[in-house]
Amino acid sequence: MRGLLIYELKEIERNRSFIDRLIIAAEKYGHTLTVIDDQCSTIPDADFVFFRARNPKLSKRLEELNIRMFNRAEVNVIANDKWKAIQFVQLIGIPSVQTRKIITTSDIREYPAVLKTVDGHGGTQVELVNSNDHAKVFMEEHSSKSIIAQTYIETNATDVRVFMLGTEVIGAVKRTGAENSFKSNFTLGGSVVAYTLNSQQLADVQKIAKALKSDYIGIDFLLLPDGSWLFNEIEDPVGARSYYATTKKDIAIPIMDYINKKLTENPGQM
């Protein structure tokens with residue numbers, strides 16, 4: 001089958017190694033993958049799309065053309081709006097970080113607080129603020145964005161990212177932030193180790209993936225000192241550098257195996 005691999009233009013070269021491995025893995029199942037950027041004026045004919053851009057509008061347009069999407073458009077919508085993601089997991093009963101959408105600094109109930117734009121990613125547009133003046137600076141810098149405020153929770157800058165294919169956990173990592181940073185992102189200099197979920201954590205991520213009807217996502221949780229966790233964010237697209245760093249396994253292989261099975265089992269399903 002003919003597949004499209006869609007990225008934002010700036011991300012194509014950055015992810016070239018992963019892209020090449022996906023193409024090779026697809027060929028093993030008789031599929032082709034053509035890489036295009038999400039601003040391409042003409043979308044080539046395709047039987048399926050592995051969508052790796054943060055572009056819900058384009059994802060919805062492709063889905064309306066009855067092209068099989070991995071992930072479906074609604075996953076891209078929810079994952080790329082932190083407020084929607086929090087509301088979604090709260091609706092299905094998953095414990096999450098206390099969060100509220102704010103318009104002015106008067107909406108912030110206590111300090112310190114973590115402020116985020118709803119569409120930031122990779123640890124950008126996120127700041128720990130300790131005062132009203134500090135919060136005003138952040139809100140002025142991102143005045144064109146929707147902003148959420150989260151209760152600051154001491155985690156020693158530690159969280160867990162779980163990699164999901166459908167409702168199956170294919171890996172998890174514990175991320176600890178660089179010194180003097182409250183952010184745990186691996187790409188910002190944090191460290192990672194493999195992490196094994198307990199039965200309750202497994203039930204939580206499977207419940208999220210099942211309700212979301214996702215294909216390949218990352219789910220992030222703050223890991224608390226007592227070993228419990230709180231939902232924080234959903235990542236679509238999710239980067240897998242930390243997965244490789246802790247497993248030395250090529251994640252492109254199980255991804256394409258999953259996609260091939262879905263195409264074979266449900267050839268006419270979007």
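At 60% relative accessibility, lysine 213 counts as exposed (exposed is over 50% relative accessible area, buried under 20%, and partly exposed in between, with a 1.4 Å probe and protein chains only). This lysine sits in the loop between helix 7 (199-212) and strand 12 (216-223); helices (H or I, at least four residues) and strands (E, at least two) are DSSP runs numbered from the N terminus. The model is a predicted one, so to speak of local features takes a pLDDT of at least 70, side-chain atom pairs count only at pLDDT 80 or more, and totals for chains, interfaces and linings use all residues. Residues are numbered from 1 along each chain as its sequence is written, and side-chain values use heavy atoms, with hydrogens and water left out.

Most residues other than glycine have a negative phi, and most peptide bonds are trans. Glutamine 125, not a glycine either, has a positive phi of about 55 degrees. Its place is the loop between strand 6 and strand 7 (126-129), and with a relative accessible area of 26% glutamine 125 is partly exposed.

Two cis peptide bonds also turn up in loops. One runs from tyrosine 111 to proline 112, with omega near 0 degrees, and proline 112 falls between strand 5 (99-102) and strand 6 (113-117). Another joins aspartate 236 to proline 237, with omega at about 5 degrees; proline 237 belongs to the loop between strand 13 (229-235) and helix 8 (241-247).

Aspartate 236 deserves a paragraph to itself. Found in the loop between strand 13 and helix 8, aspartate 236 is buried yet has no salt bridge (a side-chain nitrogen of Lys or Arg within 4 Å of a carboxyl oxygen of Asp or Glu). The nearest side chain of opposite charge is that of arginine 52, 5.4 Å away; for charge, Lys and Arg count as positive and Asp and Glu as negative, while His and the chain ends are not counted. What aspartate 236 does have is a side-chain polar contact with the side chain of asparagine 71, at 3.1 Å, and another of 3.1 Å with the side chain of asparagine 76. A polar contact here is a pair of N or O atoms within 3.5 Å; within protein, one must be able to donate a hydrogen and the other to accept it, and residues adjacent in sequence count only if both atoms are side-chain atoms. Leaving aside neighbours within four places in sequence, aspartate 236 is in contact (heavy atoms within 4.5 Å) with residues including Phe51, Arg54, Val75, Ala79, Tyr216 and Ile217.

One cavity of 30 Å³ or more is found in the whole structure, and the largest cavity has a volume of about 90 Å³. On a 1 Å grid over the protein atoms alone, a cavity is a set of points where a 1.4 Å probe fits but cannot get out, and lining residues have an atom within 4 Å of a point; points are joined across faces, edges and corners, and the volume is the space filled by probe spheres set on them. The lining comprises 13 residues, with Ala79, Lys82, Gly120, Ile234 and Glu235 nearest the centre. Helix 5 (82-91) and strand 13 each supply at least two lining residues, and strand 13 gives the most, with three.

Notes: On a 1 Å grid over the protein atoms alone, a cavity is a set of points where a 1.4 Å probe fits but cannot get out, and a pocket is an open set with protein on both sides within 12 Å along at least five of seven lines; lining residues have an atom within 4 Å of a point.
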